[in-house]
Amino acid sequence: MRTRARPPLRIRKRIVAGCGHPTPMPRSKPSIRTLQTLLVLACVLPASLAVGIALVHAYQVERAALVERALGSARALSRRIDLQLSVAAAGLQALATSPSLHAGDLRSFEAQARRALRYQGADTLVLKDAQGSHMIDIAAGTQASNIAAPRSRWPGAMSIDDAVVSDLFVCDVLRRPLVTVGVPLRHGDDAAYFLTIGLFPERLQQLLRIRPVPPDWVVSLFDSKGTIIARTHDAQAWVGKLAVPPLQRAMLAQREGTVQTTLRDGRVVLAAFSRAGEADWPVMIGIPEQELTWRLQRSLALLTVATLLLLAAGLALARRLAARIDGSIQGLVAPAMALGRGEPVAVPALQLREAEQVARAMQQASGLIAARTAERDLVAEAHRRAHVRAERLAHAATHDALTGLRNRAEFRRLLQQHLDSCACNGESIVVLFADVDDFKGVNDAHGHGVGDALLREFAQRLLASVRDTDIVGRLGGDEFGVILVRAPGARTEALAHELTERLSRPYAVGEVQVHVSASIGVAPCGGPGTTADALIEAADAAMYQAKAGGKRQFAFSGFMPG
């Protein structure tokens, strides 16, 4: 199987003036024009995004206002319908007390009922007996009526109970949809007669138009089962039909709310409904979805166009400015090359003041720079930085970064050094081991920042309480140590007591008042052969004895020489 020979790797190189060694070409870097273009985008796009977010928020606020407006209208219409039914019921109850009706004079009662029907805002009036037979049947706008043979006398005194409102049904006689309001007339416990008036959907539909809403909003009235009683749009086609299932379920489940749905005529609406009246008939106001979204769509479209125009204008201006900056920077190349070769620097005509200043600086620097002086300065600076870095490293190796005290290793080294000296000249050495009581609770309650500040203040109180010849160190976490050199026993006990009280005072860390205490263990040098580790462990054990005894106290390890 033949393999294709790989072409040799080509490396682009350039020769630096005055040097014969080839160097690789630098990587491509962005130009000024590219950076200015990115700057324009960085300025315009976030502002446009912020405006877009503000528009969306305004849309949501406006949408909520439209929904609340629709709910308010639905409540008002529901109360208006309920008022109409209440007026009809009140008129029936007043008509049922007619002396003509109680006297059995149906002719006189029919004339009285026809007059009342004209002012009551109803379409039919029917009087039925206990068997359901029509004794009087009146239709508004007609002179004809059906009056059955009257009885000789209405039996006894009649009583009237509350009115009954029916759902929408089709009247067998009129062959038209109808809702009725009826009042039973009782004789004793039995319903002897029933007086009802009927309302055609057209009459209720007029009530839906009394409260003005935008013409494209759909207003519908439903009965308690969700059947359409009246509607402002295409009423003849949809009266008597059930509401769409999502809307029907929502209206049966709650008295007021909103639901996104598609009506039976295909309109996509946000339906706001309310059953504010006692008739339990919900009124629905459907806001077309297009009306809810077109304002946002229009605003976003205008924002997009404005953003594009701003981008185009900004990019055009950026290109013009970039050309001037690029020309001025390119004009500095020749002076820079001349400065590098040690030749006189000529200042060209540049379009930027800063570029001219740089060129003049090059011109002045050409007579001042010397290779040996620059090399000497660089070496001296390097030595100085190395010395400073060495001092910092040495300090960091022996001191605690948080408190500035000596760390555990340095503390142990100095203690061992003093113990060796103590063995030679008989000096007394005492180690104090101090611990912050309940420090973990401070970190848990206030955070590590407050805990660190507390440790720094704790260290400062320790330093302020001992002599300059004594040594203070941080042994780890919330544990601190003190080396007392040439300290008599009485002085040690007084100092331990003083430290316990001073370190247990409240600490003010910023706006936080922290209450902690200190427990201190005291371990004097036991004699020749005592090591630093043994003395620290003895002081640590004494500190735990102080904690076990109730904290905020000190305890001695071994005996205390007098």
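Start by selecting S220, F222, I228, R231, W238, L242, A243, V244, L247, L263, R264 and M284: together they line the largest cavity. On a 1 Å grid over the protein atoms alone, a cavity is a set of points where a 1.4 Å probe fits but cannot get out, and lining residues have an atom within 4 Å of a point. Two strands, β11 (218-222) and β12 (228-231), each give two or more residues to that lining. (Strands are DSSP runs of E, at least two residues; helices are runs of H or I, at least four; both are numbered from the N terminus.)

Before moving on, a word on the model: it is predicted, local features need pLDDT of at least 70, side-chain atom pairs count only at pLDDT 80 or more, and totals for chains, interfaces and linings use all residues. Residues are numbered from 1 along each chain as its sequence is written, and side-chain values use heavy atoms, with hydrogens and water left out.

Back in the cavity, the space comes to about 90 Å³, a volume being the space filled by probe spheres set on grid points joined across faces, edges and corners. Color the lining by type and you get 9 nonpolar, 1 polar and 2 charged residues. Here Ala, Val, Leu, Ile, Met, Phe, Trp, Tyr, Cys and Pro count as nonpolar, Asp, Glu, Lys and Arg as charged, and the others, Gly among them, as polar.

Next, pick V126, H134, D137, C171 and L178, which lie nearest the centre of the largest pocket among its 24 lining residues. A pocket is an open set of points with protein on both sides within 12 Å along at least five of seven lines. This one holds about 400 Å³ of space. Show β3 (124-129), β4 (134-139), β9 (177-187) and β10 (190-199), the elements giving two or more residues to the lining. The lining splits into 13 nonpolar, 8 polar and 3 charged residues.

Now jump to helices α12 (residues 439-446) and α13 (residues 448-465), packed at about 140 degrees with axes 7 Å apart. Select F439, V442, N443 and H446 on α12, then H448, V450, G451, L454 and L455 on α13, to see the contact (heavy atoms within 4.5 Å). Those residues are 5 nonpolar, 4 polar and no charged.

Last stop: color by pLDDT, the predictor's confidence in each residue, from 0 to 100. The chain averages 80, with 85% of the residues scoring at least 70. Over residues 1-21 the pLDDT is below 50, and residues 149-156 stay under 50 too.

Definitions and conventions: Axes fitted to C-alpha atoms, helices over the stretch in contact; angles between N-to-C directions.
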